[in-house]
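Hi,

Here is the model I promised to pass on to you. Please open it first, and then read my notes below.

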Amino acid sequence: MKRLIAAAVLMLMLVSFCTVGVVQILSHEDKIIGIISQAVEAAENEDYQLAYELAVKSEEEWISSEQELAPFTSHLHLNDVGLAISKLPPLIKYGNKSQFISECKYTIVQITHLADSEVPSLSNIF
Amino acid sequence: MAVTFIRAVILYVCVVIALRLMGKRQIGEMQPKELVITILIAELAAIPMSDLNSPLINGVIAILTLIVLEIFLSVISLKSNTFRRLLNGRPAIVINKGVIDQKALKNLRFTAEELMESLRQQEVFDISDVKYAIVETTGKLSVLLNADRQPLTPSDTKTAPASDAALNVCLICDGKIKKESFNRCSLTQKDVEQILTTRRLKVRDVFLMTADENGNYNIISKDC
């Protein structure tokens with residue numbers, strides 16, 4: 001009986017932890033993609049100062065997000081996103097608008113893929 | 001490297017807890033699903049130990065999930081005969097009243113050589129001595145010999161046994177008293193201390209002391 005109760009408690013903890021993990025990943029995804037999207041919009045409107053500030057902000061947000069996401073997802077994916085985001089501030093600072101926007105879109109796709117791969121959907125399970 | 005070391009320690013603790021939760025079975029007596037789970041746990045623990053890109057929690061979650069499922073299935077097996085049979089199968093009689101059931105052997109994919117090997121492992125060297133042989137769900141062979149081939153017991157000769165069988169328990173192990181053993185023998189802790197005093201021994205000098213409910217005891221002192 002004790003073992004059964006321990007198993008039930010353990011199952012509850014596992015499900016809760018997995019749920020928290022998915023929720024964390026999705027909330028960080030929304031936050032970072034929101035900032036990067038704003039940076040893209042600013043670059044398209046030729047407000048390069050704002051685009052730069054947003055690019056720096058996205059990098060800072062990613063650094064803190066990475067710490068929180070490390071227990072829940074592959075470190076390789078996190079590294080890839082980190083590398084992609086780190087390119088953004090210098091690109092917009094030195095006036096390379098088209099490449100900046102391209103890299104922003106690439107980063108958004110990477111973050112979306114990272115989040116989607118952790119969601120328990122049929123395509124991920126199989 | 002330090003990360004690998006710490007992960008190995010954490011996963012080791014996790015595996016020990018997991019196997020402890022699973023319960024007591026020796027490898028030779030595990031049901032097929034228990035053996036599969038034990039092997040899987042070993043593999044799951046090895047992956048995050050060596051692959052530092054994978055989060056540690058992935059391995060821990062996988063191990064604990066298997067254990068939880070195993071416990072749930074065990075409980076259901078306890079309650080339901082049908083489920084237990086579905087999961088573990090049922091024992092098969094391969095020798096029935098001295099006659100080999102070749103169909104049962106074929107169903108089990110048990111060859112005649114394997115049958116003879118299993119019998120020899122049970123110290124049976126003549127198949128005609130066997131009345132019943134049953135392949136258990138663990139794959140082990142249980143054998144009942146013909147009456148004229150079974151070892152003689154005191155009841156066969158209508159004599160009383162030389163001494164009543166008694167359980168020997170360990171009272172002192174490696175210099176430490178095991179208090180929980182005293183309720184299984186007729187000696188008390190005070191008796192033990194007196195016995196040791198007469199032999200000029202202290203508890204810490206004793207490697208092993210066993211005793212049974214009839215008051216018989218055995219002391220092995222530590223090598224110097």
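By contact I mean heavy atoms within 4.5 Å. Leaving out neighbours within four places in sequence, Ile85(A) is in contact with Ile32(A), Ile36(A), Ser58(A), Glu59(A), Trp62(A), Thr107(A) and Ile111(A).

Some housekeeping: this is a predicted model, in which local features need pLDDT of at least 70 and side-chain atom pairs count only at pLDDT 80 or more, while totals for chains, interfaces and linings use all residues. Residues are numbered from 1 along each chain as its sequence is written, chains are lettered from A in the order in which they are written, and side-chain values use heavy atoms, with hydrogens and water left out.

Ile85(A) is also among the residues with the most contacts inside the largest nonpolar core, which has 28 residues. Such a core is a set of buried Ala, Val, Leu, Ile, Met, Phe, Trp, Tyr and Cys residues joined through side-chain atoms within 4.5 Å; buried is under 20% relative accessible area, exposed over 50%, partly exposed in between (1.4 Å probe, protein chains only). H1(A) gives the most to this core, nine residues (helices are DSSP runs of H or I, at least four residues, numbered from the N terminus). Apart from it lies another core of 21 residues, including Cys14(B) and Val60(B).

As for the two chains together, 17 residues of chain B are in contact with 17 of chain A. Ile10(B) sits in helix H1 (residues 2-22) of chain B, and counts as partly exposed because its relative accessibility is 38%.

Best wishes

Technical notes:
Helix = DSSP H or I, 4+ residues; strand = E, 2+ residues; numbered from the N terminus.
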